Each structure stands twice: as C-alpha cells, then as structure tokens.
Amino acid sequence: METMRTQEVTVNDLPWKIEHSTIRCTMCGSCVAACTFNAIEAKMERRSVTISTGHQPEPMQQHKAIPVILQKNSIAHACVGCGMCEKICPNKAIKPVRNLDSRYNVLARSGGTTIKRGGRNNLIQERTLDKIVVGRISQMTDPSLDAERHVFDILAPFGRVLPANKLPFAQENGELRLTAQTPPVNWIYPLIFSDMSIGALSTRAWEAIALAVGYLNEKHHLPVRMSSGEGGMPVNLMKSDFLKYTMIQIASGHFGWNRIVRAMPHMNVDPAGIIIKIGQGAKPGDGGLLPAAKVAEHVQAIRGVPKADLMSPPNHQGLYSIEESVQKMFMSMNAAFKFRVPVAIKCAASATSVSVYNNLLRDPYLICGGFFIDGIQGGTGAANEVSLDHTGHPIVSKTRECYLAAVKQGLQGQIPLWAGGGVGLTGNAAADAFKMICLGANGVFLGKLLIQLCGCVGNEHGRCNACSTGHCPTGICTQDPRLVKRLDIDKAAQNIVDYTLAFDMEMRKLMAPVGNSTLPVGRSDALVTTDRAIAEKLGIQYAC
Amino acid sequence: MVMQDLYGEFAEYKDKPLLSLACTQKGAKLVEDYMENNSFVQVHEWIPKVNKQPGLDIKAMPYYIFRNYDYPDYLAKASKEAKEELLLSTRLAIRELLEKNDQGYAFSFWPDVLTLKEIGDPRDIATYFGLWNDSGELLAKNIVVQCRQNTNYEIVRYAAHPFFIQGYTLCANGENTFYTKNKEFQKSLNKGYIGFESDSQNFLYTLHYVLHELKWPIKYYKHVITPLQFEELENRPDQAALQAIRQSLGHLEINGPNTIIGMLPDNSMMTCCDSKKLRPVVVGGDEETIAISSEVCGLNVILPDRDKTKDIYPNEREVVVINEELEVQRWKQ
C-alpha cells in the first residue's frame with residue numbers, strides 16, 4: 001500500500017472536473033484532439049467489467065485493461081471548462097463539471113507566479129443597470145412614437161464640441177456662416193466596437209469585426225466604428241477607404257505606430273478618430289500585456305518587436321500630468337492629421353475620473369474630442385487576476401458623476417462621454433446603452449460581447465478565460481495557426497452584424513415609449529430604480 | 001396675460017420700466033423699500049379696481065400693483081445692455097425677496113410690458129379685474145394670453161403661461177419631455193433662467209438665449225429646438241452652420257408634442273411647433289387684427305368674420321412671424 005501524499009494535486013483540486021462515460025465513449029479521440037489545454041488524455045485502465053454475450057444472460061466478471069479518457073492531475077493542464085470536448089463528442093460521452101471544492105487559487109501560484117487570465121471581473125456579480133428600468137412611458141398627452149415606422153436619429157458626437165458662443169459665426173443677410181475651422185466632430189453610431197488589438201485577438205477574429213463594421217456601414221448605413229486596439233493595423237486596410245470606419249488607438253507601448261506613421265502618406269481617407277489609451281477598466285494602473293505565447297510572426301511584424309512578453313508600461317512616457325498629456329499627446333495626434341481627426345482619451349474609471357474630466361473640459365486648447373471611461377467589468381485578453389478582480393471602479397455612477405460635473409459648469413456635451421466596461425454583460429447591450437445614455441453618456445463601447453458573438457465561451461463564473469494562454473479553444477484569442485482556423489470569419493461577422501441590427505431595433509423600442517426620436521442624453525427622468533441607494537446616488541426616481 | 005405696446009393708462013410711460021406685482025401689503029412694502037434703496041424713482045402707479053362680487057372662482061392676492069419707474073440717475077447715460085441687465089437683476093431680486101417671505105409674485109419689470117396672472121376660472125378672473133369693461137385703462141396692441149396653465153403638477157402662479165424675460169414672452173400648448181436636459185443646460189447659461197415651474201419655460205429661455213444672448217437671426221431658433229435630421233442636413237448648403245448649431249446646442253433640443261407662441265421685443269409675434277408630434281395652432285386675421293390661437297375655436301370667437309380660407313395651419317417645419325405692420329411671413333426651416 002502506498003503512503004498517502006496529501007499535498008499532491010488531484011483532479012478534485014482543479015476548478016473543473018471531467019465526467020467521462022466509458023459506456024458511451026467510442027474512443028474516437030476527438031475530445032483529446034480538441035482540447036487545447038492538454039487537460040485530458042487517452043489511457044488504459046484496468047477495470048472490473050461484467051459482460052454477457054450469449055442469447056441468455058450469462059454474466060461473467062473479468063478484469064480487463066480498457067482505454068479511457070482521463071483528466072490530468074496538473075495545475076498547468078487544468079481543465080478550464082470551455083466544453084470543447086462536449087461540443088465535439090459525437091456520443092455525448094464527456095463534459096466538464098464545475099468543481100465547488102476547487103483549491104486552484106491556493107495551488108496555482110507555485111513558483112511565486114501570479115495567476116493570469118483574460119475575461120472580465122469574476123467577483124462583482126451585482127449589476128446596477130439591472131436594477132434600473134425605463135419608467136417614464138409616454139401616454140395620453142405626450143404620445144409614444146412608433147418604433148417600426150418613425151424616423152429615429154440614433155447618432156452620437158465624437159469630437160470636441162464648441163459652446164455656442166464660441167462658434168466662429170459671421171452674419172450675412174440673416175445667415176450664419178462659419179468663418180474659421182472648428183474642431184472636427186463626427187456623428188457616429190452610439191456603439192463603438194472597442195479596443196481589441198491584433199495580437200490579443202487572432203487576425204481572423206479582428207478581421208471578422210472589421211468585416212462586420214464594413215458591412216454595417218456599407219449595407220445598412222449604420223455608422224458603427226471600431227477601435228484598432230494597441231497593436232497596429234494591416235497596412236492594406238490603412239491604405240483602403242475602410243480606414244474611415246476605424247479609430248486608431250495609441251497606448252503606452254506605442255505598438256504598431258511605426259507602420260501607422262509610415263502608412264500616413266498613403267492614406268486615402270482619414271481614420272474615424274484617434275484614441276489615446278491611458279488605462280483600461282479591467283486592469284487599471286497596469287499596461288497592456290501580450291504573453292510571448294501569442295507573439296506570433298505576423299504580430300512581431302505588425303508591432304515591430306521580437307518574440308517576447310510584450311508588456312506596455314503603465315504610463316505613457318514623459319507624462320506626469322493631465323496638462324502635459326493634453327499638450328503633448330493631443331497636440332501631436334491632432335497635428336498628425338492636420339486637425340481633421342478627433343482625438344479622444346480612454347481612462348479606467350476611478351475615484352478620480354471626475355477630476356480628470358473636469359481638467360479636460362477646462363483645457364484651453366479645446367482639443368479633447370471624447371472621454372472614454374472604462375469600468376471594472378471591462379474585459380481583457382490578459383491580466384493578473386488580482387487586478388481583474390480587485391481593482392477598478394463601477395462604471396454607472398462614475399459616468400453619472402462625470403456628466404453631472406459637466407452639468408454643474410454648463411459644459412455638458414462639449415467633450416462627449418463614452419462609457420464601457422460591462423456594457424452588454426448579460427447579452428442585452430441595447431438596454432444597458434439606453435440607460436447609460438439617459439444617465440449622461442453620449443454612447444457606449446463594448447468588446448467582450450463581440451468575441452462572444454464570434455464564439456467565445458468565457459464567462460464571469462470562471463469558465464475558460466484563457467485568453468492569455470495562446471490556447472483559446474475558439475480560435476479568437478490565439479495566434480496558433482491550427483487553432484485560428486476554428487473560427488469561421490464570415491459566420492462571426494454575420495453574428496456581429498445581426499446582433500447590431502437587433503441592437504438598433506431595440507434602441508428604437510426603448511426610445512419610442514419615452515417619445516424621443518433623438519438620443520435622450522442626460523434624460524435621467526426617464527429612469528426609475530427599485531433600489532433606494534441607487535436612486536440617491538444617481539439622482540433618479542425611486543420606485544417600488 | 002402679458003400685454004406689450006401699451007396705451008390707455010400707460011400710454012405716457014412707454015419708456016419707463018413697468019413692474020407687475022401680485023402681493024400682500026407686507027410684500028408691497030418690501031418692494032417699495034427695495035426700489036427706493038436701489039434708486040428707482042416711481043413715476044406712475046396703476047392699481048386695478050377689483051370686483052369682489054361673491055361667487056367668483058378666483059384665488060386672489062390682496063394687491064395687484066403696476067408701477068412705472070425711472071431708471072436710477074447713475075444709469076442716465078448707460079448702454080441699452082446695462083439697463084436691460086439692471087431690470088433683470090431687479091426683477092430677480094424682488095422675486096427672491098417676495099418668495100423668501102412668501103409675500104407675493106413679481107412677474108415682469110420691463111418698459112411697455114404688463115403681466116397679470118391669477119388662479120381661478122378665467123372668466124371670473126376677467127370679471128374680477130374688470131377686463132370685460134371697455135374702460136380704456138388697459139389697452140395694448142400686442143397681447144399674449146393663456147387661459148389654462150399646466151394642470152399636471154402643482155398649481156402655482158409662476159407656472160402659469162405666458163412667461164417673460166427681458167422683452168421676450170412665450171406661451172405654449174403641450175409639453176416638453178426634454179425638460180430635464182433643457183433645464184440642466186439652461187441653468188448655467190443665464191442667471192435669469194430660473195424657476196422652471198413649467199416645462200414650457202424651456203422654450204422661452206432658449207428663445208431668449210438664441211435671439212438676445214447669441215444674437216442669431218430668428219430662423220435659427222427653430223434649428224436649435226427642433227434640429228433637422230442628419231440625413232436632411234447632408235443636402236443643405238448651410239450644412240456646416242446647422243451641424244455646428246445642432247451639436248453645440250444639443251441640450252436645447254425640445255421634445256413635444258407642443259406648439260409655441262412667442263412675442264418679441266420688436267412687437268412681432270411668432271409661432272412654431274414641435275417637429276414630430278404636433279399640437280394644433282392656427283393663424284388668422286383681418287385688416288386690423290391678426291391672432292395666433294392654439295385652437296381654431298378661439299379665432300372664431302374673436303374674429304368670426306375673417307376670411308377663413310386665409311387661415312394658416314403651420315406645419316412641423318414651419319415658422320410664422322407677424323410683424324408690427326401685421327405682415328405675415330412664413331418660412332420652412
């Protein structure tokens with residue numbers, strides 16, 4: 001008899017356990033081939049079996065060596081619950097089951113390494129937006145609109161809006177005429193496909209999103225824009241007319257910008273905007289992180305880097321204050337495109353967001369074209385779990401506070417507010433977007449939902465979230481050429497297009513009952529909440 | 001009711017700011033002291049002789065005072081703007097004074113403009129103030145009157161139409177569901193944009209802001225409150241200006257259904273509607289009178305013999321302006 005080794009890792013210590021039925025299994029091997037985490041293997045096991053082969057029952061017990069599918073006892077190869085085995089099994093013989101007794105968090109830091117993963121915050125499950133409903137319904141004197149037939153103007157500004165008394169108007173024969181250039185403002189759809197880089201995403205996933213954006217614009221005339229993320233863009237795309245649907249992001253690592261700068265003279269059209277990323281909601285105070293496993297050859301080429309962990313610094317170099325960022329980054333980015341392209345800033349929501357927003361609102365150069373705040377429920381391709389779960393700030397009250405800070409000074413609308421980080425977390429992005437808009441956002445941005453539409457199976461209950469490993473089983477967050485082929489680009493793009501069209505109809509279905517044909521930005525009186533604390537914090541009606 | 005371009009009792013004092021008050025005796029004293037302390041010299045006073053016959057449906061205040069003042073001496077050579085600013089500040093100060101002590105209401109303080117507001121049955125209110133008698137005391141060329149105030153919320157005198165600020169008068173039929181966003185924006189635009197007892201005050205403050213503060217031509221008022229859709233903007237030669245206006249004043253966009261009737265300092269009157277959910281409005285008249293009425297039955301009562309085929313029913317993109325010479329202009333946004 002062996003000595004009990006209680007400290008050895010067993011399957012029961014892992015977050016997911018594989019249930020395998022030898023009776024149903026045909027030993028086709030598909031599950032083992034499909035598992036990108038190498039969590040299961042085919043082995044022989046000596047088992048007691050009872051068989052009866054004649055016309056009459058003649059049971060015989062035997063000890064036989066039979067092939068089985070076994071889960072590995074290994075933290076490095078722990079099952080993530082992605083369920084690819086279950087998806088591919090022709091005989092429903094295998095599936096992962098959540099293990100409530102998992103000791104993973106205690107064991108996974110061996111060697112002094114932190115736990116890293118992708119996905120979203122797994123701790124905060126409560127959602128403020130789900131406790132708010134659109135409670136001001138037009139009836140009687142102010143009739144509702146017809147969502148199907150009325151014409152709606154569902155557009156949001158992206159760019160620095162001047163106060164009316166600063167518009168350079170001259171009057172001639174009773175007409176107002178602009179006499180000088182004003183900051184560029186693009187009116188776009190209030191839903192931005194947010195910053196996921198080539199690198200974090202496979203080229204095919206990025207392409208699927210770009211394809212969906214092109215289709216939505218060209219075929220459905222929905223001016224949806226996407227942000228490139230911090231990882232550069234394909235040169236061919238930068239030279240094409242489709243560049244106008246893309247906002248180019250610059251983050252602290254400046255990845256991809258060599259190619260972007262070199263492509264500038266060859267651009268036929270201006271990009272939709274520039275987003276300076278200061279921070280992100282999923283890992284505030286931390287820079288971008290692309291593990292070496294995902295730095296494939298094409299990623300090295302686009303970013304101009306060797307194969308190594310690519311860790312963007314937490315701050316932009318030489319930036320020590322907001323004022324300096326305004327002067328240096330905004331100026332250079334604005335100047336690069338000759339003040340024709342709006343330049344916005346993206347920050348992680350924080351206890352200090354209002355101060356930052358105030359500072360930008362008061363900037364004398366009037367060149368900040370948008371303030372993107374990203375909440376704690378934002379997603380990421382890779383982060384330390386401690387950052388993902390324990391740092392950040394909820395987005396709803398922060399957006400509201402920023403809006404009200406602008407209201408207090410009469411500056412609302414001058415720097416459009418875009419909110420993200422958990423928008424669409426439950427799959428109902430239009431409702432989330434509408435409520436955020438009523439609270440003061442001009443529009444919303446979302447990323448995680450897009451990859452879910454591409455087939456991502458990750459969730460906020462510890463399923464998969466393996467975006468950082470290079471082993472993404474759906475071919476979305478990996479650069480492994482074998483895995484990326486799992487993603488059907490056209491199908492993924494189609495899903496995104498369909499979802500966005502449904503989003504558009506759902507927006508109408510929310511605007512119509514409150515009787516608005518334009519976005520009700522700041523129309524907080526349209527909302528009620530069943531939670532007193534939320535009512536008080538957001539300044540909306542309490543209802544019960 | 002707001003009357004402008006006054007004759008009768010006030011014919012001799014057209015350039016002297018006229019204060020319209022409804023107050024208690026104590027309120028009257030507070031105002032008197034305030035005006036004296038601030039160097040306004042009273043030049044004329046008219047106190048209506050009221051009919052207190054029993055059975056009238058009116059919640060009357062004890063005193064109704066209409067007084068013309070001379071500007072303080074130190075303003076003798078001041079600019080028009082400085083005088084306008086003083087009149088506004090004075091009205092706001094009096095309003096605050098009366099409100100704080102709950103002693104009455106100050107409705108307007110402006111040359112050649114008189115405001116009378118009361119709560120009750122409009123016919124009885126007219127009887128109370130002797131408005132049915134043709135005594136010749138209260139005469140004006142321009143009158144904006146509304147016989148029903150906001151019935152959705154609390155009945156207060158300041159919520160009663162028409163509303164007035166610095167020569168601009170406005171009443172409305174309908175409602176404005178962008179009240180909250182309008183209000184939040186207007187509060188910081190001008191110290192005179194206060195009260196907000198009615199969502200229709202938003203219409204007045206925007207009218208005042210566009211015409212008086214920004215000094216834009218009147219046609220841009222419509223572009224501010226009901227901006228053209230982006231698709232329509234694209235095909236306009238003035239797209240750049242209109243888009244700049246739309247984005248800068250997005251928070252002043254209104255949302256109906258409503259119809260607006262306005263009176264401007266130059267004695268013209270105007271009307272327009274919300275762009276998607278109309279409330280009725282009709283313009284009609286004869287050689288001597290032109291009226292804008294929210295319902296045609298109103299016109300039929302005061303101008304039964306007019307040529308009805310010439311009545312104008314403005315559409316959702318239209319603005320109608322009647323100038324002092326009774327010329328009617330109409331144009332599309």
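# Close-up views of a predicted two-chain model

**View 1. Helices H9 and H11 of chain A make a right-handed crossing.** The model shown here and in every other view is predicted. H9(A) covers residues 353–361, and H11(A) covers residues 395–409. Their axes come within 9 Å and cross at roughly 40°. An angle of 65 to 115 degrees would count as roughly perpendicular, and one under 35 degrees as roughly parallel. H9(A) and H11(A) are therefore oblique to each other. From H9(A), the contact uses A:Ser353, A:Val354, A:Tyr357, A:Asn358 and A:Leu361. From H11(A), the partners are A:Lys398, A:Glu401, A:Cys402, A:Ala405, A:Ala406 and A:Gln409. Sorted by class, the contact of H9(A) with H11(A) holds six nonpolar, three polar and two charged residues.

**View 2. Helices H4 and H15 of chain A pack at an angle of about 45°.** H4(A) spans residues 203–218, and H15(A) spans residues 489–514. Their axes lie 8 Å apart. The angle makes H4(A) oblique to H15(A). The crossing of these two helices, H4(A) and H15(A), is right-handed. H4(A) brings A:Arg204, A:Glu207, A:Ala208, A:Ile209, A:Leu211, A:Ala212, A:Tyr215 and A:Leu216 to the contact. H15(A) answers with A:Ile489, A:Asp490, A:Ala492, A:Ala493, A:Ile496, A:Val497, A:Thr500 and A:Leu501. The contact of H4(A) with H15(A) has 12 nonpolar residues, one polar residue and three charged residues.

**View 3. Helices H4 and H5 of chain B cross at roughly 40°.** Find H4(B) at residues 179–186 and H5(B) at residues 201–213. The two axes come within 10 Å. H4(B) is thus oblique to H5(B). Their crossing, H4(B) with H5(B), is left-handed. On H4(B), look for B:Tyr179, B:Asn182, B:Lys183 and B:Gln186. On H5(B), look for B:Asn202, B:Tyr205 and B:Thr206. The contact of H4(B) with H5(B) counts two nonpolar, four polar and one charged residues.

**View 4. Chain B meets chain A.** The contact takes 36 residues from chain B and 42 residues from chain A. Together the chains bury about 3,100 Å² between them. Carbon and sulfur atoms account for 54% of that area. On chain B, look for B:Glu184, B:Phe230 and B:Gln247. These three supply 18% of the area that chain B buries against chain A, more than any other three residues. Three salt bridges are found across the interface of chain B and chain A. The side chains of B:Arg246 and A:Asp153 also meet in a salt bridge, at 2.8 Å from N to O.

**View 5. Two prolines of chain B follow cis peptide bonds.** Most peptide bonds are trans. The bond from B:His161 to B:Pro162 is cis, with omega near -10°. B:Pro162 sits in the loop between strand E7 (138–144) and strand E8 (163–165) of chain B. The bond from B:Gly256 to B:Pro257 is cis too, with omega near 10°. B:Pro257 sits in the loop between helix H8 (239–248) and strand E10 (258–263) of chain B.

**View 6. A:Asn173 has a positive phi.** Most residues other than glycine have a negative phi. The phi of A:Asn173 is about 50°, although this residue is not a glycine. Look for A:Asn173 in the loop between strand E8 (169–172) and strand E9 (175–178) of chain A.

Notes. Residues are numbered from 1 along each chain as its sequence is written. Chains are lettered from A and ligands numbered from 1 in the order in which they are written. This is a predicted model: local features need pLDDT of at least 70, side-chain atom pairs count only at pLDDT 80 or more; totals for chains, interfaces and linings use all residues. Side-chain values use heavy atoms; hydrogens and water are left out. Axes are lines fitted to C-alpha atoms, for helices over the stretch in contact, and angles run from 0 to 180 degrees between N-to-C directions. Helices (H or I, at least four residues) and strands (E, at least two) are DSSP runs, numbered from the N terminus. Angles under 35 degrees count as roughly parallel, over 145 as roughly antiparallel, 65 to 115 as roughly perpendicular and the rest as oblique. A crossing is left-handed if the near helix is turned anticlockwise from the far one by less than a right angle, and right-handed if clockwise. Contact means heavy atoms within 4.5 Å. Ala, Val, Leu, Ile, Met, Phe, Trp, Tyr, Cys and Pro count as nonpolar, Asp, Glu, Lys and Arg as charged, and the others, Gly among them, as polar. Buried area is the accessible area (1.4 Å probe) that two parts lose on being put together, summed over both. A salt bridge is a side-chain nitrogen of Lys or Arg within 4 Å of a carboxyl oxygen of Asp or Glu.
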